[in-house]
Amino acid sequence: MWLVTALSLCRASSRGWQRQLPWLSPTLAALQHHSPARAPGTAPARGLTSTAPSVRLSPAARSLFDEPLAIAVQGLGPRQPVTLRSSLHDETGELFEACARYQAGDDGELDLAHCPALPGGSFSGLEPMGLLWALQPQKPFWYMVKKDVQRPFLLQLEVFDGHGEPPGRLLAQAQHERAFLRDGVRRVPVREGRIRATLFLPPGNGPFPGIIDLYGTGGGLPEYRACLLANHGFAVLALAFYGYEDLPKDMKEFHLEYFEEAVNYMLQHTQVKGPGIGLLGISKGGDLCISMASFLKGITATALINGSVANVGAVLRYKDVTIPPLGIDVKRIKVNKSGIADIVDVLNNPLEGPDRQSFIPLENAECRFLFIVGQDDRNWKSEFFAVEGSKRLQAHGKEKPEIVCYPGAGHYIEPPFFPMCAASMHLLVGKPVVWGGEPKAHYEAQVDAWQQIQAFFCKHLMGKSSGTSNKL
């Protein structure tokens, strides 16, 4: 660890953001792994002497993606204006970038933890992690998703002289690996019966509290959230449910018996602590988790990120029970001049008429619930769903669920430091849709929600309390 004296010129300023992130899209992306070309965490530009400016990072060469990264520059001139740029390429070659303007202190030091960014970049104000959460895809409708969790993202940091456009000469640069798997975490592909999944196990002998992790309509087998959660001591099964290997190719109907196999797999695993497991789902994965908790045994805690309490998008079957998908009215889609759709009003009300059959009977669940809600979610009315779910649970004598609401947060509340996905292609709609969110507020929501989710599972799967406070 290293210490930098607070800069005399750096004083508190607005924490506002300067411009909306461009539209992103949900194409899976991941970086090829490269070894840093220079000394870990610091590298002067070619041709400069050892007294030249250099980038200082902590941790120096490698950190986990959901961990903060301290960034500073030393060896600048007194009050020197500089532009910092962060960038990374995904494995398809698409570029993500962010930049910010700063002024060094009287001593030539620049510490992003103490010095606010000046107007004119991707963000302004005191934002120590701004160069990460403000990364923007240069291709429209591109969405940063990690596909291969065994290969870190390679982050490039550059320091340029002045505040010009284009920036001045390169003063210093550094590379840093943002990893997803902590040393010792085991990645175990699971192909038992019909199950198509990946199990992540923390280091040690266990047993560990178990969680099944579900994503949404993108299909496939996203692993990045599951492995990041396993880094914190949970046994996490990332479960595919369509659009992967020999699973159904589209979202027409789902059978809970498949998900029941996955629950039983976890309950019977020697490395999974009983007597029950947790469920974590976002978007469509959220209502699937509610259905699992409502019909299946062995569920102790269920956390939903912008989920629905009604069955959405596909018929759901379990034994002799059939739950139809919530009705829609495509006439309620609003399309702006750029051709981007707002679908927040498309779904019917599950409290009215025949659509009441789509309301999942969550009152049958024998578990505790946590609803994570982005109040600017434009995919659907997540806050309405959370409130109505709470009403129904309490009307049937069940405990009130935890509801944590985040103003300014959109639909895709991911682990910390993923750039906000403002809009992308929607597989069911067939065109780009707006997901909602304001970049700074969304980033803050992701950091807090990640802590809330871990605290919730620690409490109900391990019996451990947490100091994390509830926002609602």
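Me: Which strands does α4 lie across, and at what angle does α4 run to β17?
Reply: Helices (H or I, at least four residues) and strands (E, at least two) are DSSP runs, numbered from the N terminus. Axes are lines fitted to C-alpha atoms, for helices over the stretch in contact, and angles run from 0 to 180 degrees between N-to-C directions. Here α4 lies across β14, β17 and β18 and runs at about 25° to β17. The model is predicted, so local features need pLDDT of at least 70 and side-chain atom pairs pLDDT 80 or more, while totals for chains, interfaces and linings use all residues. Residues are numbered from 1 along each chain as its sequence is written, and side-chain values use heavy atoms, with hydrogens and water left out.

Me: What is the order of the strands in the open sheet?
Reply: Strands of a sheet pair through backbone hydrogen bonds, either parallel or antiparallel. Two strands count as paired if DSSP finds at least two bridges between them. In this open sheet of three strands the order is β14-β17-β18, and the pairing is mixed. The edge strands, each pairing on one side only, are β14 (253-255) and β18 (321-323). On average, neighbouring strands of this sheet are turned by 20° against each other, direction ignored.

Me: In which sense do β17 and β18 pair?
Reply: Strand β17 (residues 315-318) pairs with β18 in the antiparallel sense, over three bridges. Arg317 has Thr322 in β18 as its bridge partner.

Me: How should I read the packing of α3 and α4?
Reply: Two packed helices are described by the angle between their axes and the distance between the axes. Helix α3 (residues 256-268) packs with helix α4 (residues 284-295) at an angle of about 75°, and their axes are 11 Å apart. That makes α3 roughly perpendicular to α4; angles under 35 degrees count as roughly parallel, over 145 as roughly antiparallel, 65 to 115 as roughly perpendicular and the rest as oblique.

Me: Which residues of α3 and α4 meet?
Reply: Contact means heavy atoms within 4.5 Å. From α3, Leu256, Phe259 and Val263 meet Leu288, Ser291, Met292 and Phe295 of α4. The residues of this contact divide into six nonpolar, one polar and no charged. In this scheme Ala, Val, Leu, Ile, Met, Phe, Trp, Tyr, Cys and Pro are nonpolar, Asp, Glu, Lys and Arg charged, and the others, Gly among them, polar.

Me: Which side chain does Asp287 meet in a salt bridge?
Reply: A salt bridge is a side-chain nitrogen of Lys or Arg within 4 Å of a carboxyl oxygen of Asp or Glu. Asp287 meets Lys284 in this way, at 2.9 Å from N to O. Asp287 and Lys284 are separated by about one helical turn, because they are three residues apart in helix α4. Both Asp287 and Lys284 are buried; buried means under 20% relative accessible area, exposed over 50%, and partly exposed in between (1.4 Å probe, protein chains only).

Me: What does the salt bridge of Arg182 with Glu67 tie together?
Reply: The closest N and O atoms of Arg182 and Glu67 are 3.8 Å apart. Arg182 lies in the loop between β9 (170-179) and β10 (186-190) and Glu67 in the loop between β2 (62-64) and β3 (70-74), so the pair ties together parts that are 115 residues apart in sequence. Arg182 is partly exposed at 32% relative accessible area, and Glu67 is partly exposed at 26%.
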